[in-house]
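The following exercises concern a single protein chain. Please work through each task before reading its solution.

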Amino acid sequence: KCWELRRETCCTVIIIRTYCSPQLKPVEVTNSLVMLLIWGYDGTKSVFQSRSEKMKKSLLALSVAVGISLTGCGGKDPQELIQSAQQNLQQGDEAAAVVELKTVLQEDPRNTQARFMLGKLYSDNGGAVAATKELFAALEGGYDINAVTTELAPMLYLQSDTSGFNQLLDIRNELNATAESLLIAYDGLTSLELGELERAADSLREASAIEENQYTQLLRGYIQFSNGDVEGAMSIAKNLVAENENFAESHFLLGQLALMQNNAGLAVSEFDTYHELMPENFRGTVFLANALVKNKDYNRAEPLIDQLLSVSAEQPFLNFLKSVVSFQNKDYKAANLHSVKAIQNGYTQDTARVIAGLSAFLLDKTEQAYDQLVPLKDKFSSDNPVMKLLSHLSLQLGYLDTVDGIMAKDSELSDDEIIVLSKVTADLVSRGELERGRKLSSRLKSAQPNSEWAMISKGFAQLTIGDLQGI
């Protein structure tokens with residue numbers, strides 16, 4: 001393959017890879033090479049940085065010698081490479097096809113067929129940014145506008161690229177009915193993503209008038225979803241999946257609807273399929289990880305979350321998911337780290353604060369636990385375990401106002417709460433705050449202690465405010 005492509009870089013990487021790992025089989029070397037090329041990996045630089053000077057000189061001399069020996073060697077012309085790429089795609093060898101198409105474009109940057117094929121390959125895998133670049137280049141070079149639009153519109157939607165849509169809409173009169181309907185439908189989906197429901201509805205009417213197809217049905221399903229008609233949207237999504245199981249966006253819609261109905265198992269199944277169909281699209285990975293967490297499949301979720309965090313370490317929702325998995329795995333240090341990061345970066349769900357507070361408490365960080373939980377004091381009933389913990393922390397730290405606020409809520413007191421409330425009442429009186437003590441102790445009058453110690457505590461608290469019924 002290297003000889004045919006006349007690629008000095010390919011040869012260098014193969015030589016270095018084989019030299020450093022002589023136990024590798026030829027097929028393993030080739031597979032490694034292909035992946036390195038796809039990601040633009042500079043094998044020589046990476047290897048040279050990690051080897052001794054003697055090794056560096058040996059490898060460099062060897063790679064240069066091979067590069068020189070190949071200069072002027074004959075190879076396939078662009079059309080032969082395109083045909084070979086097509087054959088590789090038919091056989092499922094996408095990596096080899098990418099190498100061949102990139103080689104064509106290096107030799108002939110204006111080859112629109114290679115440009116379109118490469119863009120479509122990226123599009124098929126959900127690589128929206130790379131696909132958009134190649135497909136727009138193919139369009140500017142004069143490639144079939146209908147073919148390009150069919151591949152390009154879904155990629156623009158994944159990026160909410162309104163500017164890109166405007167470029168295509170300017171030339172919509174040149175499109176056939178199917179491509180035009182698809183373009184308008186995906187433009188409508190983008191409007192919906194941006195909160196423009198009325199514009200999305202207009203797009204649906206316009207696209208459906210041109211041609212009714214799976215893309216207009218997808219838009220109709222999302223509009224019903226946005227309007228709260230989950231059952232109607234579910235029916236559309238299931239029909240789309242049944243008609244074309246390779247239509248990735250129908251699985252994505254069905255997965256979201258399943259989450260709305262708390263059907264985590266179905267959501268995992270649908271997002272799994274979406275992820276298989278669009279492996280390069282991070283949106284699918286995020287939703288799959290979330291569904292796995294909701295389905296309590298933490299072992300599968302964690303590697304996906306770690307992969308996403310390696311790309312976006314500060315993203316609040318990803319940090320929240322990591323905190324949930326870490327807490328379930330009893331890694332309280334990691335749970336605390338990621339829940340706090342999620343909150344600091346704007347995640348507002350109460351669950352993040354609960355995890356931050358509980359993990360801090362389990363790490364003996366009392367002040368931090370209190371700080372994380374105290375904003376929740378008006379959001380839960382006093383018999384909630386989180387509020388019980390907050391009462392304990394408040395009492396331990398001397399924040400009696402917080403305990404006062406929690407215990408003053410209208411709910412039946414448990415024996416533990418009677419004991420805590422009695423202690424706070426007595427502390428208030430001992431500090432000279434008799435009126436506050438009396439106000440708080442009023443909650444004790446209707447309390448019905450079941451244990452002797454709760455009964456003694458209640459009686460003592462009543463006596464501290466001069467209520468002789470305490471006797």
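This is a predicted model: local features need pLDDT of at least 70, side-chain atom pairs count only at pLDDT 80 or more; totals for chains, interfaces and linings use all residues.

**Exercise 1. Helix α8**

Task: Decide how far α8 is enclosed by the rest of the structure, and describe what is found at its N-terminal end and after it.

Solution. 
Step 1. Buried means under 20% relative accessible area. In α8, 10 of the 13 residues are buried, so the helix is largely enclosed by the rest of the structure.
Step 2. These buried residues are Thr 112, Ala 114, Arg 115, Phe 116, Met 117, Leu 118, Gly 119, Leu 121, Tyr 122 and Ser 123. They pack against α6 (78–90), α7 (94–107), α9 and α10.
Step 3. From first to last C-alpha, α8 reaches 18 Å, close to the 18 Å expected at 1.5 Å a residue.
Step 4. The N-terminal end of α8 is capped by Asn 111, a side-chain oxygen of which lies 3.3 Å from the backbone nitrogen of Gln 113. After α8 comes Gly 126, whose phi is positive, near 85°.

**Exercise 2. Aromatic pairs**

Task: Classify the ring pair of Phe 116 and Tyr 143 and that of Phe 320 and Tyr 347, and state where each residue lies.

Solution. 
Step 1. A pair of aromatic rings is described by the distance of the centres and the angle of the planes. The structure holds 12 aromatic pairs.
Step 2. For Phe 116 and Tyr 143, the centres are 4.6 Å apart and the angle between the planes is 20°. Planes under 30 degrees apart count as stacked, and this pair is stacked.
Step 3. Phe 116 belongs to helix α8 (residues 112–124), whereas Tyr 143 belongs to the loop between α9 (128–140) and α10 (145–158), so the pair ties together parts that are 27 residues apart in sequence.
Step 4. With a relative accessible area of 9%, Phe 116 is buried. Tyr 143 has 25% relative accessibility and counts as partly exposed.
Step 5. The rings of Phe 320 and Tyr 347 have centres 4.6 Å apart and planes at 20°, so this pair is stacked. The pair links distant parts of the chain, with Phe 320 in helix α20 and Tyr 347 in the loop between α21 and α22, 27 residues apart.
Step 6. Phe 320, at 9% relative accessibility, counts as buried, and Tyr 347, at 16%, counts as buried.
Step 7. Ring pairs also link Tyr 157, Tyr 186, Tyr 215 and Phe 247 into a cluster.

**Exercise 3. The nonpolar cores**

Task: Which residues have the most contacts inside the largest nonpolar core?

Solution. 
Step 1. Nonpolar side chains in soluble globular proteins tend to be buried together.
Step 2. The largest nonpolar core has 93 residues, and those with the most contacts inside it are Tyr 186, Tyr 222, Leu 257, Val 293, Ile 305 and Phe 320.
Step 3. Apart from this core lies another of 12 residues, including Tyr 370, Leu 373, Leu 390 and Leu 393.
Step 4. Leaving aside neighbours within four places in sequence, Tyr 222 is in contact with Tyr 157, Leu 189, Leu 192, Glu 249, Phe 252, Leu 253 and Gln 256.
Step 5. One of these residues, Phe 252, has Arg 283 over its face, at 3.8 Å from the ring centre.

**Exercise 4. A polar contact across the sequence**

Task: Where does Lys 379 lie, and what joins its side chain to that of Asp 350?

Solution. 
Step 1. Lys 379 lies in the loop between α23 (366–373) and α24 (385–397).
Step 2. Lys 379 and Asp 350 are 29 residues apart in sequence, and their C-alpha atoms are 8.9 Å apart in space.
Step 3. Their side chains are joined by a polar contact of 3.1 Å.

How values were computed:
Residues are numbered from 1 along each chain as its sequence is written. Side-chain values use heavy atoms; hydrogens and water are left out. Helices (H or I, at least four residues) and strands (E, at least two) are DSSP runs, numbered from the N terminus. A polar contact is a pair of N or O atoms within 3.5 Å; within protein, one must be able to donate a hydrogen and the other to accept it, and residues adjacent in sequence count only if both atoms are side-chain atoms. A nonpolar core is a set of buried Ala, Val, Leu, Ile, Met, Phe, Trp, Tyr and Cys residues joined through side-chain atoms within 4.5 Å. Buried means under 20% relative accessible area, exposed over 50%, partly exposed in between (1.4 Å probe, protein chains only). Contact means heavy atoms within 4.5 Å. Rings of Phe, Tyr and Trp (its six-membered ring) pair if their centres lie within 6.5 Å; planes under 30 degrees apart count as stacked, over 60 as edge-to-face and the rest as tilted. A charge sits over a ring if NZ of Lys or CZ of Arg is within 6 Å of the ring centre and within 35 degrees of the ring normal. The expected span of a helix is 1.5 Å times one less than its number of residues.
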